[in-house]
Amino acid sequence: MNELSVKLKDIDVSFGNKDVLKIEELSAYMDDKVAIIGPNGTGKSTLLKIIADKFHGFEGAVQRETDFNYFAQIGELDSRIDDNFNFELLSRLNVPDNKGLSGGEETKFRLAQVLSEYKLGLLLDEPTTHLDQESVNLLIDELKYYFGTLIFVSHDRHFINSIADKIWEVADGNVREYTGNYDDYENQKEQERLENERQYQSFISEKKRLEDAAQKQMEKAAKMSGDKNRKQDIKPDRLSSSKQKDTVQKQVFKTAKSIESRISHLDEVERMGEDKKLKFPLSKSMDIHNSFPIMGQDITVKRGDKVLLDKVSFQFPLGQAIAITGPNGAGKSSLLHEIMNDTEGMDISPKVKMESYRQMDYKMFTDEPVIKYLMKQTEFQEPLVRSILQNLGFSQDEVMKPLHNLSGGEATRVSLALMFVRPSNVIILDEPTNFIDLNTIEALETFIKAYEGTVLVTSHDKYFVDRIAESIYKIEERKLNRI
């Protein structure tokens, strides 16, 4: 057996009245590469901080046999550089200096600091946030053959697939361990769903069989009771026969009650939630007959004196999901901005009605329920809107939650729902997967596939792009090329 690195025992974490983590026992060993996944707010970062000895508001014991380096999801930039700093890694990450860094460059600099000091344990909290795909791949190369114990929180499925050999799924306060990478995890979850469906159907079948049998016994007993009531006079020579029928009738009732008791003692199987098929029908007023509703001719995009795109031309086809990729700072967001503002050189169909993701800044100012607010913004029927919210993880009770009571994660999910329920035929998404959890990313993929209009999206998430994009463009050397 591999050498133990860390062991958690009887861990109990609560915030107020809410139980966050309850872990009986959880261990990681030398050479393990563990990805921690789960919805936002379930305690993933807290679990990592407990291992890192950065969080002490819990009950239980932590046995650490390994020293760990720790990379925080949100951390202040410390520009100090010691003699051990890996300048070669910083150069490969394409960080020019440590002054006036962008969000992605700050992440790269902090990663270079953590990776410059080698320890047998490494803890990373969302290390790919803000990183372009080239930097993600470079980080994968750095970590793939890491000697020691690597435990990381991530929602980047390409990153997880490339590195992890174990998955810790955090949900409802519990942690379940799966063997393999994310694809293996999904396969195991599918097998769990299939087994649950088999057990559920078996339960339903047996319950119905017993209910039918009990019903037949009750009908038989009722019939015997009716026969008895119709016989007003019982002759002496038939008295024994009548008593015998009473005994038989009691036995029938007893059998029915016994069957009902067996029904109540069946091990009830709760059916796992089923993914409901979604379709976002476009109203007639949103119909576009132009095969290329968004076109650009010799578009030049500048920010300050810097030319990001130099005389690029493009035709984005109707009804497709189109991904725009490229390194940090290449001009992806700037191009979307030019399209949304219909700047010079753009040829946007007059029938185009755009929607984009917006933060719900107004959520603090109303106690209106989520479902009621969304219904005011849409032409869709309420069952479809409720289905959208269900796909985003809202229960039927939670859709009645007042907007001002939403958590940050809930507000983000409502904002995504809002974008899809508003009348539109073009949706713009700029790096939508940066701050949402895996469940929400997968719901977003479902929405994009069901949406009948055109989707323009920028993303560094390779797995996400591969799942949703019908056309992929890449910005490199100030040109926009289809790949």
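This is a predicted model: local features need pLDDT of at least 70, side-chain atom pairs count only at pLDDT 80 or more; totals for chains, interfaces and linings use all residues.
Ile37 has Glu169 of strand 8 as its bridge partner. Residues are numbered from 1 along each chain as its sequence is written, and side-chain values use heavy atoms, without hydrogens and water.

**Exercise 1.** Determine which strands are joined to strand 3 by bridges, and in which direction they run.

*Solution.* 
- Step 1. Strand 3 covers residues 33-37; strands are DSSP runs (E, at least two residues), numbered from the N terminus.
- Step 2. Two strands pair if DSSP finds at least two bridges between them.
- Step 3. Strand 7, residues 149-153, is likewise parallel to strand 3 and is joined to it by 4 bridges. Within strand 7, Val153 is the bridge partner of Ile36.

**Exercise 2.** Explain why strand 3 is described as largely enclosed.

*Solution.* 
- Step 1. Consider one side of the strand: Lys33, Ala35 and Ile37 are buried there (under 20% relative accessible area, 1.4 Å probe, protein chains only).
- Step 2. Because 5 of the 5 residues of strand 3 are buried, the strand is largely enclosed by the rest of the structure.

**Exercise 3.** Describe how domain 1 and domain 2 are placed relative to each other.

*Solution.* 
- Step 1. The domain assignment, automatic or from a database, gives domain 1 as residues 4-180 and domain 2 as residues 294-482.
- Step 2. Taken over C-alpha atoms, the domain centres are separated by 29 Å.
- Step 3. In contact (heavy atoms within 4.5 Å) are 19 residues of domain 1 and 20 residues of domain 2.

**Exercise 4.** State how many cavities of 30 Å³ or more there are, and identify which residues line the largest cavity.

*Solution.* 
- Step 1. A cavity is a set of points on a 1 Å grid over the protein atoms alone where a 1.4 Å probe fits but cannot get out; lining residues have an atom within 4 Å of a point.
- Step 2. The count is 4 cavities of 30 Å³ or more, and the largest cavity has a volume of about 120 Å³ (the space filled by probe spheres set on the points, which are joined across faces, edges and corners).
- Step 3. The lining of the largest cavity consists of Thr128, Thr129, His130, Leu131, Val136, His155, Asp156, Glu431, Thr433, Asn434, His460 and Asp461. Domain 1 and domain 2 each supply at least three residues to this lining.
- Step 4. The second largest cavity holds about 100 Å³. Of its 13 lining residues, Pro281, Phe380, Arg422, Pro423 and Ser424 are the closest to its centre.

Key: Buried means under 20% relative accessible area, exposed over 50%, partly exposed in between (1.4 Å probe, protein chains only). On a 1 Å grid over the protein atoms alone, a cavity is a set of points where a 1.4 Å probe fits but cannot get out, and a pocket is an open set with protein on both sides within 12 Å along at least five of seven lines; lining residues have an atom within 4 Å of a point.
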